[in-house]
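Please keep the structure in view while reading.

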Protein chains: 2
Amino acid sequence: MTRDLKELKGIAEAAAGAARGLALAAPEKRDQTLAALADNLAGGSRNLLQASEMDTDEAARAGLPPHMLDRLALTEKRLAELAEAVDRVRRLSTPIGQTEDERILPDGLRVARLRIPLGLIAFICEARPGAPVEAGALAIKSGNGLIVKAGREMARTSAALAEVFARSLAGQDLDPRAVTILPPLDREALRELLTLSETIDLVIPRGGEGLIRFVSENSRIPVLKHFKGVCHLYVDQGADLKRAADLVVNGKTQRPSTCNSLEALLVHAAEAEAFLPPLGRRLAGLGVALRANQEARRFLPEAEPATEDDWGREFLDLILAVKVVPDYEAALAHIARHGSNHTEVIVTEDQARGEHFQRSVEAGCVMVNASPRLNDGGCLGLGAEIGISTTRLHAYGPMGLRELTTTRFIVTGHGHQRT
Amino acid sequence: MTRDLKELKGIAEAAAGAARGLALAAPEKRDQTLAALADNLAGGSRNLLQASEMDTDEAARAGLPPHMLDRLALTEKRLAELAEAVDRVRRLSTPIGQTEDERILPDGLRVARLRIPLGLIAFICEARPGAPVEAGALAIKSGNGLIVKAGREMARTSAALAEVFARSLAGQDLDPRAVTILPPLDREALRELLTLSETIDLVIPRGGEGLIRFVSENSRIPVLKHFKGVCHLYVDQGADLKRAADLVVNGKTQRPSTCNSLEALLVHAAEAEAFLPPLGRRLAGLGVALRANQEARRFLPEAEPATEDDWGREFLDLILAVKVVPDYEAALAHIARHGSNHTEVIVTEDQARGEHFQRSVEAGCVMVNASPRLNDGGCLGLGAEIGISTTRLHAYGPMGLRELTTTRFIVTGHGHQRT
């Protein structure tokens, strides 16, 4: 066992022990911890702001690009928003401790499921201070322990956040190690952390595809993640074209850098002539570049020809792939081949077709007449989210508090035996 | 890519495609397939019995021990039982296709969860013909594809079973590759199968700890499993001692080779003198050997001293570890250290203590006043089970049909956008 591994194992075991205490504490203690966390973020923010400034200055000198500097920086306003996000989590109903599906079997045996936390979660993120705060709040609310490994550019901010979490937990006599924000780890140490399957129950990576692939490929612990979001919107024959155009614009331009933004538009051939020319002009006015198949380019003179690589590509930018398809089945086949199991949309006036699409398209969230940008725990009424899963085990789609829990069977008899 | 891997990938992709068809078929087609499967097992059994006889003869010549030969052999009676088990699965309610948790959000967006199959499951088992039959029936009922890798001692039986499944599926115009029983694979080929994480959604290994460890350590696909069942029963102060003794006897002797049998007995010091001497005599009469700590041996003259290795050991035999503990907390600490997250039991007349035990002991099934042998999907009212999970991700405890499914978010708006 390397020195790193031994040290990480000790840290993880302490966090797992603290998590058991957090899980068994009264719900009020967890809620009061979140109230204190919100206060400590909003009120005692001087240390945090100083740490963030030092991190940001150093990163600027090291040449971090502006959009990453922007994500790295904490401001008074951002802290107030984070405090409000923590308080929103506090106000959600407690996801653990209830019994569900209680049944009395014919022989009198009582069988129920008790909702419990998952245990200890490792959260791996890049240099965005909001991510560990929100993950930490969700972990506390759901009675889970959390170990955070954040990007090294936020090293001082991480240390200051660790102190804020520790103070908030200790104030309720909870073991502060339940939320452990690690100092920066190199890839080799991260790889060691990911072997601790006896102690850590789940890994959630948030960030670019490279980080997520590294975690998935090296983890001996189950991982919940999405690699990428390649979201399609299909405009059906007979669709409300005004609505369809508005959804395309919202899906593509509202925040193009996110995983639930629209990357490809599929249009039924019968609607192409009426739909595409005005949409093309509107998107051009919003700075969106188009890459289209030959049929679509007949109606989109401004579009470049799409290459084979443009299908199934996550642009994360003001670029949209456009394909005219001969029929609904061709749209289904295109999505089956190029989709990423993230978010898929149909715009249709035909209710049966919408339901067929929802039943047969393979994705964690399948929408009728709505923007893919709404695939988000907050927008879908889960209260908050810790990520979006594109694999079907344990959670599929946006992961809220419930997805951070499981159930244990509890069985009560009066001497029941097996015969 | 090796030749094995290429071939296995092709087989898995064909099975995954067939699974999609099975998932979208009408529920009646899946039920009729199960009815045909039950008929084909019970009625057209000649090929199966011949194949089994050849496998069993060869295994006997190769020196397979009698208890393994017994598990390997198919008889008319065993086939009739399997047909009945398949028919029981057919009669369960269909676990997929329903919408759950439907809500209309304040802005009119309709959000629901649609229950869907997991996709394609790889089932890895030893040479027990019943296992792939039951797994195949559960897969068909839940709309999942199944790839089976069974022990090589049942090679001919596997081929005959493959034919029975194929005929039952094809009779309903379903792609027979939805249940694919592979010819024997060596460890290297199995290792290759376990890398196909793009095509196979879940691996369920059934068998000895060695097989399960091999699968867990080599799989790039999520695995649901238990390594072993080290089940404890704690006799609380004030417990009904007659009931406690009956539960110990049932837990230990009803079928000692199973994972939910009792392996260790913990007794509150205040009950040791009244409880242990008569229990020791009763167990001796049933052929159970005892390994006890010093305090327990005062009341169990026939017991050997327990070694440190005896705690947390899965004997799978007529051997029971016995420990007298000073109090309830010591019992909790012993289980926390030596339990296997499988099944834990308290015998108590104190309801609050029973509930505390169920909330705080970490296991997939925690019981009050019942035999651990009842931790079984059938006994707990799940209808059937494909295994027992001792990890908290996706499923914890016995896994029935519901655990072979997940949910997808389905969202319906009328032009809803994100602002």
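The points below describe a predicted model, starting with the contact between the chains and ending with a helix pair.

**Contact between chains A and B**
- Chain A gives 53 residues to the contact, and chain B gives 53 residues.
- On the side of chain B that touches chain A, at least two residues each come from β2 (110–117), α10 (241–253), α14 (351–360), β13 (365–370), β15 (397–399) and β16 (405–416) of chain B.
- Strand β16(B) provides the largest share of that side, with 11 residues.
- The side of chain B that touches chain A is made up of 24 nonpolar, 20 polar and nine charged residues.

**Strand pairing across the contact**
- β16(B) pairs with strand β13 (residues 365–370) of chain A; the sense is parallel and there are five bridges.
- In this pairing, T412(B) of β16(B) has V368(A) opposite.

**Helix packing within chain A**
- Helix α5 (residues 76–91) and helix α6 (residues 130–141), both of chain A, have axes 9 Å apart and pack at an angle of about 20°.
- Because angles under 35 degrees count as roughly parallel, α5(A) is roughly parallel to α6(A).
- The crossing of α5(A) past α6(A) is right-handed.
- From α5(A), the residues that meet α6(A) are L82(A), A85(A), V86(A), V89(A) and R90(A).
- Their partners in α6(A) are G130(A), V133(A), E134(A), A137(A), L138(A) and K141(A).
- Sorted by class, this helix contact holds seven nonpolar, one polar and three charged residues.

Technical notes
Residues numbered from 1 in each chain as written. Chains lettered and ligands numbered in written order. Predicted model: local features only at pLDDT ≥ 70, side-chain atom pairs only at ≥ 80, totals over all residues. Contact = placed C-beta atoms within 7 Å. Helix = DSSP H or I, 4+ residues; strand = E, 2+ residues; numbered from the N terminus. Nonpolar A, V, L, I, M, F, W, Y, C, P; charged D, E, K, R; others polar. Pairing = 2+ DSSP bridges. Axes fitted to C-alpha atoms, helices over the stretch in contact; angles between N-to-C directions. Parallel < 35°, antiparallel > 145°, perpendicular 65-115°, else oblique. Left-handed = near helix turned anticlockwise from the far one by under 90°.
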